[in-house]
Protein chains: 2
Amino acid sequence: MTAMRPTFEQDVKLDEQPFRLEAGGELPEVTLRCAWYGHPESAPGGVMLICHALTGSARIADWWGDLVGPGHLFDPERYALVGINVLGSCYGSTGPPTIDPRTGRPYAARFPLVTIGDIVRAQALALQKLGIARLSAVVGGSIGGMQALRWAVDFPDALDVCCAIGATPLPAMGLALNHLQRRAIQQDPAWQGGDYTTQPAAGLALARAIAMCSYKSAALFDDRFGRHPDRSGEDPRMTLAARYDVAGYLDHQGEKFVRRFDANSYLILSKAMDTFDLAAAELARIRARVHLIGLSSDWLFPASAVRALAERMRTVGVPVEYAEVSTDHGHDGFLAEPAAITPLLRAALEPTRS
Amino acid sequence: MTAMRPTFEQDVKLDEQPFRLEAGGELPEVTLRCAWYGHPESAPGGVMLICHALTGSARIADWWGDLVGPGHLFDPERYALVGINVLGSCYGSTGPPTIDPRTGRPYAARFPLVTIGDIVRAQALALQKLGIARLSAVVGGSIGGMQALRWAVDFPDALDVCCAIGATPLPAMGLALNHLQRRAIQQDPAWQGGDYTTQPAAGLALARAIAMCSYKSAALFDDRFGRHPDRSGEDPRMTLAARYDVAGYLDHQGEKFVRRFDANSYLILSKAMDTFDLAAAELARIRARVHLIGLSSDWLFPASAVRALAERMRTVGVPVEYAEVSTDHGHDGFLAEPAAITPLLRAALEPTRS
């Protein structure tokens, strides 16, 4: 399947210069890459912001292809759908690979810490500059769900509906795995303290492979790989290097990832994922209708934690619905289970139709 | 608590020279370090072999201290308890750090692949040389449990009881994590293809930290660390390097481990763990009474997989009991829950008393 192409794309340079960050740093200027599906001026259902996850891009249809298109949930004839590459990423928005105008060199490891709050505030400023004052919904999974939740807290009057799938403040196991992924990158001598000219491929691939384990469920790995030898024909009993199939899969995922993502962006965004949190006083500010979706086999953001977040919201008077997708895909279920996700999102986005 | 000291220790050099290995390699000579608690000549309950896990040693009381001692389950006045450091380890038995008599240099990365079958056959030859023909039990957790199971299969007439805790052929998620741990070591330039003079500290520590995540449960991490900042006072929101408490814990575990374990031994033994498997025809050979114990929150060797192994055994006529320990400690429950493990092992080892 070829993903639907955006109706148009645009780079929005924010007026706030320098752009000030929560952790105390600043960026002399920020540009955000936006991808539109549909037309913001004429969409009958208004504008929906669809937030990408850790390594996604503004092109929503590239990673949520089954949900975007005429007749689908995210129908560009009904809604104007916008994806905005997050601050700190490497797909068109200002991030570590961007040239720092003050030095003429990439920010690299000098890129300041950003939070989900910074990411969302930059999005809000970009949309404001485009004349968009209100969103019918903000939707996302994983770190995309963190953005949706942060929108609901920080801009309570700017959105009608907030949908977050597999997203809560990161539990301790997730903090642990993110830390180890960052260590894998930073321990690679090719990282060069962040000033690499070619990617720290071994470290970044290892980080991605650790992450892949946390995105999938043990049951899925058993079903898909079991104890089978690597499909290339290696016999793991014969040499230290010969692999089981699951190991070959992870190595392949790591190699692919190195070709498409930047190591310093990975460090910055995984840290933003770590520091996302939601205090009770913040939850009480929410005015949007909130829909939280848990993924039954997710062990990075367990469904029980998503359900507990819904309870915390209910306690402070937030109108919230919780639903759960039964899946073996683990955390990746938000990408891998479009058929199960669609009716739940439809019920959230079009309550009168469902 | 100071661990009970062994009654005596001895190094047993095997008569089989060279010692031939399942994967095709050989070792010119093999010596195994044995630690005894009690006296093999006079113990009324006979000799019990207690098998250590991946990074343990022959000194049983050093890692199962609550179970060993007068009046405890493993009472040296009742049984002669022997621990044997596994072939490939670095605690006294022939392993990668040992000098290869053919070259005068450590085996290092030239140490041949060993299997759990090789480890157990070497143990059997050592005990035979010591005049011990029969064991009242072989007991172990994790890779120690794999040894107990391999004993029951390969030496069906040599033992009365086999007790294995949290042990099955490694599921795909475990194969994945072991692979990533080996990559972490081998990617460290200090590994030097195995010919290091100082340990590849960063890689070995990262491997250990990945392993620690798999030994503990997410619930335990949440209870113990939550989202608290590192106890040294770092604020993880302020810099990329500043850590949450769980990250500080993992770093500390990694640093401790580098001081006590050899990287090449880790590679060899984690590979032995990978290749352990049990065919149905092998199970049918078992004559010992088998007791399998699952750990409720173990996600490396899930209790459901231990239970399924018991079912497979039952199907081929093996007398097997399955019991489960309810614990938040994950796989580490076999070490961390002595009070819960003791009565289950007692019922297995002393059926007439329980």
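What follows is a walk through the contact between the chains and the helix pairs around it.

Reply: Happy to. One thing to keep in mind from the start is that this is a predicted model, and every value below is computed from it.

Let's begin with the contact as a whole. Chain B brings 52 residues to it and chain A brings 52 residues. Together they bury about 4100 Å², and carbon and sulfur atoms give 68% of that area. On the chain B side, the residues that lose the most area to chain A are B:M173, B:R227 and B:L240, which together make up 18% of what that side buries. B:R227 turns up again when we look at charges: the side chain of B:R227 forms a salt bridge with that of A:D277, at 3.2 Å from N to O. Across the whole interface, the rule finds 4 salt bridges.

The axes of α4(A) and α5(B) cross at roughly 160° and come within 11 Å. With over 145° counting as roughly antiparallel, that angle makes α4(A) roughly antiparallel to α5(B). Their crossing is left-handed. From α4(A), the residues that meet the partner helix are A:M173, A:A176, A:L177, A:L180, A:R183, A:A184 and A:Q187. From α5(B), they are B:A202, B:G203, B:A205, B:L206, B:A209, B:I210 and B:C213. By class, this contact of α4(A) with α5(B) holds 11 nonpolar residues, 2 polar and 1 charged.

Each of these two helices also has a partner in its own chain, so let's follow α4(A) next, then α5(B).

Within chain A, helix α4 (residues 172-187) and helix α8 (residues 263-275) have axes that come within 10 Å and cross at roughly 160°. α4(A) is therefore roughly antiparallel to α8(A), and the crossing is left-handed. On α4(A) the contact is made by A:L175, A:N178, A:Q181, A:R182, A:I185 and A:Q186. On α8(A) it is made by A:A263, A:Y266, A:L267, A:S270, A:K271, A:M273 and A:D274.

Within chain B, helix α5 (residues 201-215) packs with helix α7 (residues 245-258) at an angle of about 125°, their axes 8 Å apart. The angle means that α5(B) and α7(B) are oblique to each other. Here α5(B) passes α7(B) in a right-handed crossing. The α5(B) residues involved are B:A201, B:L204, B:A205, B:R208, B:A209, B:M212 and B:C213. They meet B:Y249, B:L250, B:Q253, B:G254, B:E255, B:F257 and B:V258 of α7(B). In this contact of α5(B) with α7(B) there are 10 nonpolar, 2 polar and 2 charged residues. If you compare the lists, B:A205, B:A209 and B:C213 are among the α5(B) residues meeting α7(B), and they are also among those meeting α4(A).

A:Q192 is in the loop between α4 and α5 (201-215) of chain A. Its phi is near 55°, a positive value in a residue other than glycine.

Terms used
Residues are numbered from 1 along each chain as its sequence is written. Chains are lettered from A and ligands numbered from 1 in the order in which they are written. This is a predicted model: local features need pLDDT of at least 70, side-chain atom pairs count only at pLDDT 80 or more; totals for chains, interfaces and linings use all residues. Side-chain values use heavy atoms; hydrogens and water are left out. Axes are lines fitted to C-alpha atoms, for helices over the stretch in contact, and angles run from 0 to 180 degrees between N-to-C directions. Helices (H or I, at least four residues) and strands (E, at least two) are DSSP runs, numbered from the N terminus. Angles under 35 degrees count as roughly parallel, over 145 as roughly antiparallel, 65 to 115 as roughly perpendicular and the rest as oblique. A crossing is left-handed if the near helix is turned anticlockwise from the far one by less than a right angle, and right-handed if clockwise. Contact means heavy atoms within 4.5 Å. Ala, Val, Leu, Ile, Met, Phe, Trp, Tyr, Cys and Pro count as nonpolar, Asp, Glu, Lys and Arg as charged, and the others, Gly among them, as polar. Buried area is the accessible area (1.4 Å probe) that two parts lose on being put together, summed over both.
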